[in-house]
Amino acid sequence: MAPPTGRSEALSSRPRPGIPRGSRSSSARLGDLVFRLLCQAAAIIVVVLAVLLVVVLTWQSWLAMQTIGVRFFTQTTWDPEPDHRIFGSLAFVYGTVATSAIAMLLAVPLGIATAAYLSEIAPGWLRRPASFLVEMLAAIPSVVYGFWGLFVLSPYLQKLISWLGGPNTGGSGLLPAGIVLAIMIVPYVAAVGHDVCRAVPNSQRAAALALGATRWQMIWRVVLPYAQPGIVGGCFLALGRALGETMAVTMLIGNRPEIVLSPFAMADSIASVIANQFTAAPYELYRSALVELGLVLLLVNVVVNTFARALIRRVGRVRKEGLLARLARLTGVRRTPPEGTTAAAPDQRPRIVFGRNALAWWIDQLMTGMLGLALIITAGSLFLILSYLLYHGIGAVNWDFFVKLPAPVGEPGGGMANALYGSAMMVGLATLFAVPIGVLAAIYLAEYRSDWFGPSVRFIGELLAGVPSIVIGIFGYVVVVQPMGHFSGWAGAFALGVMMLPIVMRASEEALKLVPQSIRNASYALGASQYQTVGRVIVPAALPAIITAVFLAIARIGGETAPLLLTAGGNQYFPSSPNDFTPCLPVYIFNYATSSYPNWTRQAWAAALVLLALVMLLNVGIRSLTGKRALLASRAE
């Protein structure tokens with residue numbers, strides 16, 4: 001008999017008492033083969049979904065490409081009336097770029113300063129809770145941001161604009177949309193910046209300080225230049241998030257397809273016009289033009305995210321220039337040799353003129369305060385949003401809110417029990433779809449290494465996780481709603497599941513990689529096959545972290561609004577089944593917030609508070625689990 005060719009095959013060929021050697025070996029090989037094919041099929045599903053997304057959008061937009069041609073990108077007029085049928089996207093491109101530019105101008109310096117303070121200055125007792133507060137900004141649903149911006153930020157901003165002599169737009173326009181976008185993307189810049197700054201070797205910090213640099217000089221001339229590729233990558237990730245944002249921009253930008261070169265003007269964006277007009281498009285060319293807008297948004301987002309991840313991966317590369325020479329050049333501090341010598345003694349400290357040293361000390365203190373102020377502004381935004389939601393929403397939350405149906409227009413009272421039920425149903429169905437596929441695909445990536453397919457699946461999964469939610473909504477509409485002929489909970493669950501899948505896959509893969517190799521070796525040494533080792537040893541050891549990944553994905557999709565606008569529909573009653581029109585809490589917040597009825601506005605405050613509380617509880621619970629429950633298998637070493 002030929003000798004075994006692999007480690008798992010060799011180990012699994014060892015007989016156990018009472019089990020024939022040959023039968024056990026063949027069954028183990030068959031089990032390994034079936035399990036590997038199952039995991040590989042799950043990984044292929046991720047690739048198929050991504051490819052199908054591009055194919056579907058291209059197919060659905062083909063009519064607009066053929067009919068409108070290049071005029072689609074050069075015209076500013078958008079007049080979809082059946083008698084006119086003029087489709088020019090330039091105004092939407094301008095609104096998208098303008099709001100993103102305003103957001104980046106505000107968020108990038110604030111995020112980098114926050115990251116620098118947390119990484120280099122904040123004491124240990126402050127760093128962890130402050131980082132958590134900054135990350136919580138990313139957990140707030142976009143519809144809550146838009147609601148807060150519409151009722152809190154816009155009135156104050158309109159007073160300021162009027163005082164400056166600007167137009168009265170009711171607080172809507174490019175500037176308020178850009179400010180809210182900036183608050184939304186700050187945590188992306190800060191989180192990535194903090195991680196890459198912490199990755200800078202401590203030897204570089206120590207060498208800079210030894211050369212006489214102050215802490216601010218060390219941060220400005222050593223840490224930030226070293227981490228620059230990763231910081232730029234984080235900025236591009238934030239840009240991709242800003243370009244694809246739908247709900248907050250829709251509620252604040254004014255939804256007017258015009259190009260007015262003023263930050264106070266009202267405008268429209270690609271994502272917002274899709275959200276507002278897609279389901280109401282009465283003829284095929286109209287809908288095809290909207291899908292083409294979604295395709296453009298998808299391609300731009302893919303390019304931005306690919307570039308961002310390439311830059312982040314550059315952070316770990318070793319610099320070729322000598323460490324001390326580079327630090328001396330960057331800090332601008334020159335060693336002064338003693339009299340009669342041409343080189344400094346090995347133990348001699350650099351001479352610095354006292355006046356320059358005193359000035360550097362004052363600059364260091366000033367910049368330390370500025371970096372701390374950036375952290376206060378960033379974390380203060382979270383408290384500002386929470387305080388307004390508590391103030392306006394706590395009085396509207398009562399038992400009726402959770403057990404009663406919405407009241408008719410103009411009548412007080414009522415609740416959102418149907419929306420809570422619909423949201424829970426669609427999130428549950430999405431979880432049932434995404435978790436098995438995501439975990440099996442993660443097992444393939446972590447346990448079945450390949451030269452090209454595994455990295456390709458991982459890369460495609462990362463890009464799929466960054467696709468704008470409104471584009472996922474278009475995908476769900478074409479794949480599920482059109483064949484069924486109506487909106488449904490199935491369509492909403494499918495869209496949420498597509499968003500959830502790459503999050504579960506990537507987070508579960510990292511959890512599986514944390515299991516020590518010694519655990520695997522011990523299982524193989526006892527005669528277990530590979531699928532037995534994975535199923536009975538590795539997955540149970542990584543289970544706490546995998547469960548955390550699932551809850552992280554649930555928290556991510558729980559507040560989504562844009563894809564459900566295009567897939568789930570609405571219903572004033574409880575859905576009889578997932579095949580029915582299905583209400584959900586985020587869509588109710590959007591509809592009630594943009595209405596003119598006081599009772600609906602009051603209900604929107606309550607719904608926003610409840611939604612944010614649920615998302616926050618999930619995120620706080622996840623942080624508690626990851627902080628207190630270390631990976632069980634890691635204790636083996």
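**Notebook: rings, cover and cysteines**

I started with tyrosine 597, which is partly exposed at a relative accessible area of 37%. I'm working from a predicted model here, so everything below is read off a prediction.

**Overall look.** The chain has 637 residues, and 54% of them are buried. For secondary structure I got 24 helices and 2 strands. The accessible surface comes to about 28200 Å², and carbon and sulfur atoms account for 65% of that. I also checked how far apart in sequence the contacts reach. Taking contacts between residues at least 6 apart in sequence, 79% join residues at least 24 apart.

**Aromatic pairs.** I ran the search over the whole structure and it came back with 25 aromatic pairs. One of them is phenylalanine 236 with phenylalanine 307, edge-to-face, with 4.8 Å between centres and 85° between planes. I looked up where the two partners sit: phenylalanine 236 is in helix 9 (residues 215-244) and phenylalanine 307 is in helix 12 (residues 284-313), so this pair ties together parts 71 residues apart in sequence.

Then I went back to tyrosine 597 and its partner, tryptophan 600. Their ring centres are 5.1 Å apart and the planes meet at 65°, so I logged this pair as edge-to-face. What is the cover on tryptophan 600? Its relative accessibility is 17%, so tryptophan 600 counts as buried, the cut-off being under 20%. Tyrosine 597, at 37%, is partly exposed.

**A ring cluster.** Which residues do ring pairs link into a cluster? I found Trp78, Phe87, Phe92, Tyr283 and Tyr286 in it. I also noted a charge at one of these rings: arginine 85 lies over the face of tyrosine 283, 3.9 Å from the ring centre.

**Cysteines.** How many disulfides does the structure hold? I got 0. I looked at the cover on two cysteines anyway. Cysteine 197 is buried, with a relative accessible area of 1%. Cysteine 584 counts as buried too, at 1% relative accessibility.

Technical notes. Residues numbered from 1 in each chain as written. Predicted model: local features only at pLDDT ≥ 70, side-chain atom pairs only at ≥ 80, totals over all residues. Heavy atoms only, no water. Phe/Tyr/Trp six-rings, centres within 6.5 Å; stacked < 30°, edge-to-face > 60°. Helix = DSSP H or I, 4+ residues; strand = E, 2+ residues; numbered from the N terminus. Buried < 20%, exposed > 50% of the residue type's maximum accessible area, 1.4 Å probe, protein only. Lys NZ or Arg CZ within 6 Å of the ring centre and 35° of its normal. Contact = heavy atoms within 4.5 Å. Areas by Shrake-Rupley, 256 points an atom, 1.4 Å probe, with all protein chains shown as cover. Disulfide = S-S within 2.5 Å.
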